[in-house]
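Dear colleague,

Please read the notes with the structure open beside them.

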Amino acid sequence: MLETILPLFSPWLLTMTLSGVCLGIIWGALPGLSTTMAMGLLIGLSAGMSQDASICFMLGVYTGSVFGGAISAVLINIPGTPDAVPTMIEGHQLAQKGEGGQALGMAIAASFVGGTVGIILLITLIPVILTFALNFRSWEMFWLAVIGILVSGSMAAGTMPLKGWIAGWLGMLVAFVGLESIHAVPRFTFGSFALFDGISYVAVLIGLFGLAEIFRTLPSKDVVAIPDTVGRIIPPFRMLAKFTPSAIRSGVLGTFIGAIPGAGANVASFLAYDIGKRRAKPEEKAKWGKGSYEALVCAETANNANIGGSMLPTLALGIPGNAAAAALLAALTLKNVSVGPTIEIDHPGLIYFIYGALFIANVMMYLAAFALIGPCVKLFSLPRGILMPLIIPVCVIGAYSVKLSIFDVWIMFGAGLAGWLFALFKFPVAPVVLGVILAPLADENLRRSLFVFEDKSWGFIASQWIGTCLMLFVLLVVVEGILRAMRADRGTDPEAMEKGV
Amino acid sequence: MQAGDEKVVFEGEDGNAGFASPALDLIATGFLLALSVTVLVASLRLPVPGGISTAPGLLPFLTALSLAGMSVLLGLSAIARAREGTPMWDAEGRDGRDDVRSVIIVVAVGIYIAGLQWLAFQYYFNIGSIPMILSAFEPVTIIALAAIIHIFWRGPLWITALVSVGWTLTLSLVFQKIFNIPLPGGF
């Protein structure tokens, strides 16, 4: 184990991790630039790196960008990433009282605690899941892929799960293009050789999360008020100690939420914020929504713990925990790293390397965050009309660099256009990415299992108890989604209704 | 989510997703139904080299069939909401000028990519002893960036030009020299 972790301390890999963390923090801090966008675009940059450097860099970006959203949320009242909305509510209220620096300091400390809790739970739980997952065969893998897409759809579009499922299904259709894996029959290529290799999911990812965001946000004219001073950043130790139990509770919650496919940092921070208030002491509860440090700690811990959680299904099952983890999966695939139940057999020691890289990225995030607050405040003053166009060539290079194909750049452009239309028609985009990534897994495993089941009775199929349980879970997700949509339609959905927090 | 009055509304992982105006949902239904039927037909036309259980068109067929079903549900939900009094078209505070600007940026990016494809060239030269490559990426990106920044920012032209040239050369050097990644616009 030690020999796989030691290389992480080489100057080159430390530099790559730090570069990823710094880029991630700055990216996450800039309004309109999300974690998934950062991960998707920077896959292109990681394409030219070695496998180890690429993993360190991408995990650094992931860790940094999830925290980065807090900077703009606290200082300019705009959440850099969607999960920073609860942080924005509390942090900006504190900033208006002249405690913006201290609020950011608490957010940094909470993010570090969250990241650490997530990594510890990842290390603890992954052996259990891997042992269990080794029993999974084609039938079980097919249902797992379906669950990944369905749950992602369900979580993405709260009141209208149908739209989330449709988005996931559209992603699957995209993935069916190209030579299929069993008989090598070209599917939906319409005679175009460029489509024989399939549609690059990296290009789709960059288009949906990068270009579409530019199409959406560049035309709007938002004016940002930049604070003159940030104030004291490092919070007193007494305050840190006071909120430790809330931080650990929210960290555990964030990790488990992260392990659910499709449930990302957004769900984690909102839920931890909600539960935090229910469990807070009356005097602290009274501050909720008006500038509570505990509320800020709950939200920030949960969204960073989510990183470790999202790595659980990604590494153990090959099912991405969220869209950002899907981007990480894409980066790993580019390096011929196949994650899933056999990760320890296919890539011995890699899992320890990833644990170590995550831990180092988390420590670097803690240190770099303090140093980067000042430069980020300067960046906020950059007009959107200058900032957003600069991302366009990065999108183009990112899509091109995977296969050095201009065709993929056009795919990225098409995906960007589709992403823009998705936003217009109020469809979520994250399930599309999960659909694109999981459809080949579902397709190959469905046909393999049907081939195995050809001469078997229904009783035999039902006796595959893990598969049967997963199938029942699929039914449960569908029924729950339908009920939620019906309640929302009648205006009685508890999620759609306002929660008194 | 609202601040101040201590109320929180969680609308799913993607806050933008949800009910659109009935007209938009009906347009989406029409498109999705057409797509489903196309995929259904195309998957039935695929060859079946082994048995039906390993047919290449099996999952695409099932996916398209269920997509058609979900599209119908989406359409029915839109009709029901329209009957309940939801306005067919809801502008939801949309600014028409923003839509025009969105179309402008889409067209500009399309022209930029087309420029990289159609004007591709590659020229090798040395700066001192360092070999360099100039391709269509640099001139096309500088022009495209300058144009887009000028349209959406309207600041002094010299800043626009400086940012476009500086950023393009930085990207070119970082990707080609540090990460050894060839850039589009060459061969």
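This is a predicted model: local features need pLDDT of at least 70, side-chain atom pairs count only at pLDDT 80 or more; totals for chains, interfaces and linings use all residues.

Chain B has 187 residues, of which 29% are buried.

As for confidence, chain B has a mean pLDDT of 86, with 89% of its residues at 70 or more. Within chain B the highest confidence belongs to helix H1 (residues 22–44) of chain B, with a mean of 95, whereas the lowest is found in strand E1 (residues 7–8) of chain B, with a mean of 49. The pLDDT is below 50 over residues 1–8 of chain B, although this stretch still has 19 contacts in the model beyond near neighbours in sequence. For the complex, the predictor gives an ipTM of 0.90 and a pTM of 0.83.

Turning to how the chains meet, 82 residues of chain A are in contact with 67 residues of chain B. On the side of chain A that touches chain B, the largest share, 10 residues, is supplied by helix H18 (residues 384–403) of chain A, and the residues of that side divide into 57 nonpolar, 14 polar and 11 charged.

Within chain A, one pair of helices may be worth a look. The axes of helix H8 (residues 161–175) of chain A and helix H20 (residues 430–452) of chain A come within 7 Å and cross at roughly 45°, and H8(A) and H20(A) are therefore oblique to each other. Their crossing is right-handed. Among the residues that make this contact are A:Gly164, A:Ala167, A:Gly168 and A:Trp169 of H8(A), together with A:Pro431, A:Val432, A:Gly435 and A:Ala439 of H20(A). How do the residues of the contact of H8(A) with H20(A) divide, and how many of them are charged? The contact of H8(A) with H20(A) comprises 13 nonpolar and four polar residues, and no charged ones.

With best regards

Note on methods:
Residues are numbered from 1 along each chain as its sequence is written. Chains are lettered from A and ligands numbered from 1 in the order in which they are written. pLDDT is the predictor's confidence in each residue, from 0 to 100. Helices (H or I, at least four residues) and strands (E, at least two) are DSSP runs, numbered from the N terminus. Two residues are in contact if their C-beta atoms, placed from the backbone, lie within 7 Å. Axes are lines fitted to C-alpha atoms, for helices over the stretch in contact, and angles run from 0 to 180 degrees between N-to-C directions. Angles under 35 degrees count as roughly parallel, over 145 as roughly antiparallel, 65 to 115 as roughly perpendicular and the rest as oblique. A crossing is left-handed if the near helix is turned anticlockwise from the far one by less than a right angle, and right-handed if clockwise. Ala, Val, Leu, Ile, Met, Phe, Trp, Tyr, Cys and Pro count as nonpolar, Asp, Glu, Lys and Arg as charged, and the others, Gly among them, as polar. A residue is buried if 20 or more other C-beta atoms lie within 10 Å of its own, exposed if 12 or fewer, and partly exposed in between; C-beta atoms are placed from the backbone.
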